Amino acid sequence: MNISVGIVGLPNVGKSTLFNALLKKQVALAANYPFATIEPNVGVVDVPDERLKVLADVIARDPSGNLRMTRPPIVPAIVQFYDIAGLVKGASTGEGLGNKFLAHIREVAAICHVVRLFEDSNVVHVSPTLDPLSDIEVIETELMMADLGTLDKQKEPRGNEDKELHRQWEVIKKVRESINKGIPVRKLELNAEEKKLIKPLSLLTTKPVIFLFNVSENQLSEREKTLHSIRSLLTKRGENENAGLYFCAKLENEVLSLSESEQKEYLAQYQLNETGLNRLIQKAYEILGLISFLTAGEIEVRAWTITKGTLAAQAAGTIHTDFEKKFIKADLVPYQTFVELNGWLKCREEGKVESVGRDFEMKDGYVVEFKIGS
């Protein structure tokens with residue numbers, strides 16, 4: 001499955017600078033004036049996964065560890081990032097670049113809301129003073145207003161119309177009442193059926209949000225103070241603390257030219273173990289409830305993204321739709337065991353391969369081989 005994340009925020013908070021860092025090349029226009037981004041930039045980024053290199057090395061060697069073939073190609077999972085132009089107050093009614101960009105957000109699975117926490121008189125801000133809490137509220141309000149516009153277009157079903165339409169109408173009324181109170185849909189406790197009934201409306205505030213705070217290098221150095229500020233802001237907004245991350249867009253771009261080992265050294269000065277890209281992708285997986293299973297063979301070594309709770313036959317279907325229909329069984333081994341025993345042969349000899357049926361719930365990090373009928 002494809003993961004898509006939309007980068008949103010007010011103008012000049014660091015969205016395009018983040019996008020440049022994420023893609024490790026200067027593909028977005030990072031200009032110091034509002035609405036510099038005219039069309040949404042879409043970039044495809046590999047999901048960092050060190051396990052794939054290790055598996056490729058295992059496949060290239062025999063059970064004794066001797067090299068027997070060239071390392072097979074590695075195919076990582078991917079994330080699509082949409083750099084969406086800066087929203088402003090009134091966007092839902094056409095201010096700034098308006099509804100055009102709200103529409104782009106409908107296409108993504110999750111929202112990365114970039115919030116400016118750094119002070120810099122050389123970078124203009126849409127408001128006279130820097131107020132992160134107000135900035136968050138502006139974007140959230142515009143998304144809710146856009147959702148109200150969608151909900152107001154829905155018509156109450158009459159008489160003996162489809163019962164499902166009546167059930168959907170009840171959910172619409174519930175959601176509208178919540179938004180009118182300033183509560184986004186994602187904070188409502190909707191059951192599975194209610195979520196299914198309003199899914200066709202593509203409401204913006206149903207999407208999970210990652211709040212990514214853009215900080216200065218000084219704020220990076222004052223880690224505890226910065227974290228306290230972020231937690232305080234999220235608490236005031238009624239958001240989960242786990243929804244927040246911080247990064248320094250300037251620093252992320254500075255490490256682009258460094259080697260992987262040099263990057264780690266540089267980031268360690270600020271008590272960071274990974275780049276903003278890695279941390280953002282990990283957070284996206286977390287809030288979307290995603291995991292990966294792995295396939296390892298002579299043709300390729302690959303990571304496949306699925307949601308938690310996916311059954312074995314459904315997981316096979318992510319490789320090819322026919323695989324779900326013709327599923328017989330799945331052979332699986334935990335990643336670490338597969339590596340320690342140098343591949344499928346030893347795993348089978350030592351009885352470490354588990355064969356499961358179509359209703360087995362997949363877990364993260366299994367190395368899998370599907371058996372498919374004709």
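1. Cavities. A search of the whole structure, which is a predicted model, finds 2 cavities of 30 Å³ or more. A cavity here is a set of points, on a 1 Å grid over the protein atoms alone, where a 1.4 Å probe fits but cannot get out. A volume is the space filled by probe spheres set on the points, with grid points joined across faces, edges and corners. The second largest cavity has a volume of about 40 Å³. Its lining consists of Ile-111, His-113, Ile-136, Ile-139, Glu-140, Leu-143, Arg-186, Val-209 and Phe-211, lining residues being those with an atom within 4 Å of a point. Two or more lining residues each come from β5 (110-116), α4 (132-152) and β6 (209-214), and α4 gives the most, with 4 residues. By class, this lining holds 6 nonpolar, 1 polar and 2 charged residues. Ala, Val, Leu, Ile, Met, Phe, Trp, Tyr, Cys and Pro count as nonpolar, Asp, Glu, Lys and Arg as charged, and the others, Gly among them, as polar.

2. Basis of the values. Residues are numbered from 1 along each chain as its sequence is written, and side-chain values use heavy atoms, with hydrogens and water left out. As the model is predicted, local features need pLDDT of at least 70 and side-chain atom pairs count only at pLDDT 80 or more, whereas totals for chains, interfaces and linings use all residues.

3. Overall architecture. The protein chain contains 15 helices and 12 strands; helices (H or I, at least four residues) and strands (E, at least two) are DSSP runs, numbered from the N terminus. Of its 374 residues, 48% count as buried, where buried means under 20% relative accessible area, exposed over 50%, and partly exposed in between (1.4 Å probe, protein chains only). Among contacts (heavy atoms within 4.5 Å) with a separation of 6 or more, residues 24 or more positions apart account for 69%.

4. Largest pocket. A pocket is an open set of points with protein on both sides within 12 Å along at least five of seven lines. The largest pocket has a volume of about 830 Å³ and is lined by 33 residues, of which Val-47, Pro-48, Asp-49, Glu-50 and Asn-278 lie nearest its centre. At least two lining residues each are supplied by α1 (15-23), β2 (41-46), α2 (50-60), α10 (260-268), α11 (276-288) and β8 (290-296). The largest share, 5 residues, comes from α11. The lining has 17 nonpolar, 6 polar and 10 charged residues.

5. Helix α1. One contributor to that lining is α1. Because 8 of its 9 residues are buried, α1 is largely enclosed by the rest of the structure. The buried residues are Lys-15, Ser-16, Leu-18, Phe-19, Asn-20, Ala-21, Leu-22 and Leu-23.

6. Second largest pocket. This pocket has a volume of about 690 Å³. Of the 18 residues that line it, Lys-195, Lys-199, Thr-206, Lys-207 and Pro-208 lie nearest its centre. Both α6 (192-198) and α11 supply at least two lining residues, and the largest share, 3 residues, comes from α6. The lining divides into 10 nonpolar, 2 polar and 6 charged residues.

7. Nonpolar cores. A nonpolar core is a set of buried Ala, Val, Leu, Ile, Met, Phe, Trp, Tyr and Cys residues joined through side-chain atoms within 4.5 Å. The largest has 77 residues, and those with the most contacts inside it are Leu-55, Phe-81, Phe-213 and Phe-338. Apart from it lies another core, of 16 residues, among them Phe-327, Ala-330, Leu-332 and Val-368. In soluble globular proteins, nonpolar side chains tend to be buried together.

8. Ala-303 lies in strand β9 (residues 301-307) and counts as buried because its relative accessibility is 6%. Not counting residues up to four places away in sequence, Ala-303 touches Asp-49, Leu-52, Val-75, Pro-76, Ala-77, Phe-293 and Leu-294. Strand β9 is also one of the elements against which the buried residues of α12 pack. In α12 (residues 312-319), these are Ala-312, Ala-313, Ala-315, Ala-316 and Gly-317.

9. Backbone points to check. Most residues other than glycine have a negative phi. Ser-202, in the loop between α6 and β6, has a positive phi near 50°; Ser-202 is partly exposed, with a relative accessible area of 31%. Gln-271, in the loop between α10 and α11, has a positive phi near 60°. At 52% relative accessibility, Gln-271 counts as exposed.
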